[in-house]
Amino acid sequence: MDEKMSLTVGDAVDYNGLPAERSKTGGWVPAALILGIEICERLSTMGIAVNLVTYLGGVMHLPSSTSANIVTDFMGTCFLLCLLGGFLADSFLGRYKTIAIFAVVQTLGTGMLATITALPELRPPPCHARDTNCKEANGFQIAILYLALYLIALGTGGLKSSVSGFGTDQFDEKDEKEKAQMAYFFNRFFFFISIGTLTAVTVLVYIQDEVGRSLAYGICSISMFMAILIFLSGTKKYRYKKSSGSPIVHIFQVIAAAIRKRNMSLPYNIDMLYEDTPDDSRIRHTDQFNFLDKAAIVGEGDLKENTKGPNPWKLRSVTRVEEVKMMGRLLPIWATTIIFWTTYAQMITFSVEQASTMNRRIGNFQIPAGSLTVFFVAAILITLAVYDRIIMPVWNKWKGKTGFSSLQKIAIGLVLSTLGMAVAALVEMKRLSVAKSVNTTTADHVPISVFLLIPQFFLVGSGEAFIYTGQLDFFITQSPKGMKTMSTGLFLTTLSLGFFVSSFLVSVVKKVTTSNGGQGWLADNINHGRLDCFYGLLAVLGFLNLIIYLICAACYKPHKPKPLQPGIV
């Protein structure tokens, strides 16, 4: 019997709903088919995002601040919709169907964008950058562009919520060999994300600028369509795991039960609270957020004979309550990491606009403005390599630990991003001083090298290497076992809100600094504005946020597993 059971994966089924056979399902081949979807998603999303601001300003003739906000709103929506994708996958569709459906949505979005950029009727008449009377895109043209962008955002959100999870479903954590393969899969997963991003900011951006945007977006659509076919070809080889329901629903059930019993008093002995979780899976009771404990008070009629157990909207176990408490403890750290992604947003908006005004030539070759983000990606890869090969061994010898803790990584990321904005402000002061010394109304570019922007890209890129890995590790290890998907979604909302905060700040700064009739900090032409002041503002906000974060990190009490009781192995 044991030998027979070892031939199947206990918590997975195959395409027909039967126990998944270990030799015929899962493993590296199906996981590789899933990776193809992720590569094409990164190619499309980043290829559009890093160079969209130049299209909005140069082709649609929109003001600088408006262009930046459209990009940040687009990216923010991409990450926010991960919550919707995760909810649908956990509650209704499952990861396989979610990936297939949202991949088709993204394919339609990129195909629509390719069509829009090919039709002259869907953009205003062309004019020279020095012309002050360029006609802006009308409402209909903007609306059609928005429809395409948000179809892509919807597809991206659904994919991001399920691709990594479905990939890990192909490996059995209880099997040591497959567990090692899963760790290797995660390494390759992030490697292929970087490959997709690098291809997007180099090859795809070059095609957009030098050949045509319609062709570049068409390549994205066709590549995603091919990835879908490859993904579907593995349908009978995948392992499918049944969901235990949406963590969001579990959270609302605890809150609803606590509110329903808000007038009841907690018992003196916590052992009198309801608990139906097996001993080896229980979470130790804590006194923090004790108002939620009322959800576990056994009221009259709560335990009536019912084969399905008590109504989860009226009574929840102590373990379920503690899971919600654990999620609540993550919120201060969650809130203080949002500002980093606001800083990140400037790297694909205003920093690209800066690059478009500077000297980008190397001999006879002109670097596309959007391709400057290659230094950002390179900084991430270099930082991860240095951390893995140098910092970790040194730290291990000095402190006896394998590396920085997740909270330390986040702190380093916040410090580097704040320094990045301070350096960006100084570089912009230099660029503006050169711009004022020449006639920028007749010159195509400011005579200053674009490579002056490398330090800000490198500092923020290095910061992302630390904060991304730190956040991911923190939210996964400090969240309940049954809410890993939810905690990953919570992490991704920091990216979403960071982009939305950027849009909010740009709108407020634009309104406040133009109240006296001037062009303000964020002028339609950045050569006539004070972008350095905006960067300086972000540096100050980053510094204040860093102080608040350090206080929250010092007060945070990490989750400690319940000690094993005698006899429990």
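This is a predicted model: local features need pLDDT of at least 70, side-chain atom pairs count only at pLDDT 80 or more; totals for chains, interfaces and linings use all residues.
Student: What makes cysteine 127 and cysteine 134 a disulfide?

Tutor: Their sulfur atoms are 1.8 Å apart. The cut-off is 2.5 Å, so the pair qualifies. The structure holds one disulfide. The link of cysteine 127 and cysteine 134 is right-handed, with 120° about the S-S bond.

Student: Why is cysteine 127 called partly exposed?

Tutor: Its relative accessibility is 27%. Buried means under 20% and exposed means over 50%, so cysteine 127 falls in between. Cysteine 134, at 25%, is also partly exposed. Cysteine 533 has 23% and counts as partly exposed.

Student: Is cysteine 220 buried or exposed?

Tutor: Buried. Cysteine 220 has 0% relative accessibility, and the buried class is under 20%.

Student: What makes aspartate 532 and arginine 530 a salt bridge?

Tutor: Their closest N and O atoms are 2.8 Å apart. The limit is 4 Å, so the pair passes. Aspartate 532 is buried, because its relative accessible area of 6% is under 20%. Arginine 530 has 35%, so it is partly exposed. Elsewhere, salt bridges that share partners join Asp293, Glu322, Lys325 and Arg329 into one network.

Student: How do you know that aspartate 209 and arginine 213 form a salt bridge?

Tutor: The N to O distance is 3.8 Å. That meets the 4 Å cut-off. Aspartate 209 is partly exposed at 33%, whereas arginine 213 is buried at 11%. A search of the whole structure finds 13 salt bridges.

Student: What makes glycine 157 buried?

Tutor: Glycine 157 has 0% relative accessibility. Buried means under 20%, so the label holds. Glycine 157 lies in helix α4, residues 139-168. Not counting residues up to four places away in sequence, glycine 157 touches Cys78, Leu81 and Cys82. Its C-alpha atom is 9.5 Å from that of glutamine 106, 51 residues apart along the chain.

Definitions and conventions: Residues are numbered from 1 along each chain as its sequence is written. Side-chain values use heavy atoms; hydrogens and water are left out. Helices (H or I, at least four residues) and strands (E, at least two) are DSSP runs, numbered from the N terminus. Buried means under 20% relative accessible area, exposed over 50%, partly exposed in between (1.4 Å probe, protein chains only). Contact means heavy atoms within 4.5 Å. A salt bridge is a side-chain nitrogen of Lys or Arg within 4 Å of a carboxyl oxygen of Asp or Glu.
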